[in-house]
Amino acid sequence: MEFIVEYLSFFVIQNEGQENGTSLSFRHYQTLNREEYQQSEIKSFLDEEYIRITKRKVEKHPQSNQTPTKIGYFIVEPGHELTSNPNYNLFQRLLQAQDKQEYLDFSDELVRMYMDTSSVRGGALVIARAKIDKYGDEPFVFVMKCDFEPKIARISDEKNLISQVEMAISARNIKSIQYPFMPEPGIREEYELKIHQSSHARYFEDFLKYVTYEKSMPEIVNEQMITMVNQYVEDKWQHKEGHIEQEERKKEEESLELWAASEKRELQQRWSHEQVMQAANQLVEQKDDIELKFKLDGIQVKGLLEQYGDQIHLAKLNGRFVVMIDGDSFQFEKGVSPIELLHPEDFESVIERIKTRPNSIKEEFQTNSTLEPRHNALDDSPPWE
């Protein structure tokens, strides 16, 4: 994939008051056309970055709100055209600029908008327009922000050894915008752009005030679960109109509301296995890779929601909770443990051992006992002979 850069504007944002860092200004260094870019030092610095930005994977509904890469959508009020969105119009002007001066003017407009964001920091802001040679003549706009790297030194000479590099930037953690978004090779989505911001500061979400983002998968699942829970309560109490019943319903609604709002939740023990399976299947039908994560006494279990009832099972035994996971093979990573040498017992034997286990497992096995080879059940020879 080769990118043909048509125009590129390079700006530097820096602190004017170095003591308190509260005053920021920007300076335009240079705007390059296609020929000038080909012979510039910045070409080798950025050429790989265009490919990285374009190929960086992104999900429509990410697994977390904090995911660094997102798809943004221009906000358009019902009955209005896309051209009613100021952010869209700015990107269109950059795409349609006819010469270097016009491109600089529109780039300057973008930088001034960016300077109004609350999280702006010093660094280099690069605004490039480039075509992908194999996908036609329609260009893309790339906005790239490189923060200054603190305490950068380079080898100087035999006498001084090193020298301080002022305003050093790196391509390591470039924050970027690509417009339009290209979900598949050669496909352009005029309503969408792709942003990447690797730090906790939401640079571009603050900057692009008229762009919105799809909800994360956990948010969608939570909303649908609340809908299911409300329907469950409605069905349970719909024919119970007495005062006592209404009080009980109110208590249950408040309890479920508190449960849904809590970050750390306990097993509610309200629904049957069949009800849980029905609800899980409705969610999995929309997205089959929804995560299932929970802890039992600090032991973490991580899988997929679709595995519940198939490979992941929850049960009670002697008043305690049990998690059962079945599969065809184990895989161990890092470190070596004695567990990896186990010849598993029958399931029934394990259940019986749990039922009758002593207060402490360590009471059953003394640390000074002799480790003897396990004999094969079919003969008296050790399994490794």
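Analyst: Buried means under 20% relative accessible area, exposed over 50%, and partly exposed in between (1.4 Å probe, protein chains only). This is a predicted model, where local features need pLDDT of at least 70 and side-chain atom pairs 80 or more, while totals for chains, interfaces and linings use all residues. Residues are numbered from 1 along each chain as its sequence is written, and side-chain values use heavy atoms, without hydrogens or water.

User: Happy to start with strand 3: how many of its six residues are buried?

Analyst: Strand 3 covers residues 69-74, a strand being a DSSP run of E with at least two residues and a helix one of H or I with at least four, numbered from the N terminus. On one side, Thr 69, Ile 71 and Tyr 73 are buried; on the other, Lys 70, Gly 72 and Phe 74 are buried too.

User: Which residue of strand 9 stands opposite Gly 72?

Analyst: Strands pair if DSSP finds at least two bridges between them. Strand 3 and strand 9 (residues 192-196) run antiparallel and are joined by five bridges. Within this pairing, the residue facing Gly 72 is Leu 193.

User: And which residue of strand 10 stands opposite Phe 74?

Analyst: Strand 10 takes in residues 211-213 and pairs with strand 3 in the antiparallel sense, over three bridges. Phe 74 is itself buried. Its opposite number in strand 10 is Val 211.

User: Turning to charges, how many residues apart in sequence are the parts that Asp 147 and Arg 121 tie together?

Analyst: The structure holds 23 salt bridges, each a side-chain nitrogen of Lys or Arg within 4 Å of a carboxyl oxygen of Asp or Glu. Asp 147 and Arg 121 make one of them, at 3.8 Å from N to O. Asp 147 belongs to strand 5 (residues 140-147) and Arg 121 to the loop between helix 4 (100-114) and strand 4 (123-132), so the sequence separation is 26 residues.

User: What relative accessible area does Glu 291 have?

Analyst: Glu 291 forms a salt bridge with Lys 293, with their closest N and O atoms 3.8 Å apart. Glu 291 counts as partly exposed, because its relative accessible area is 37%.
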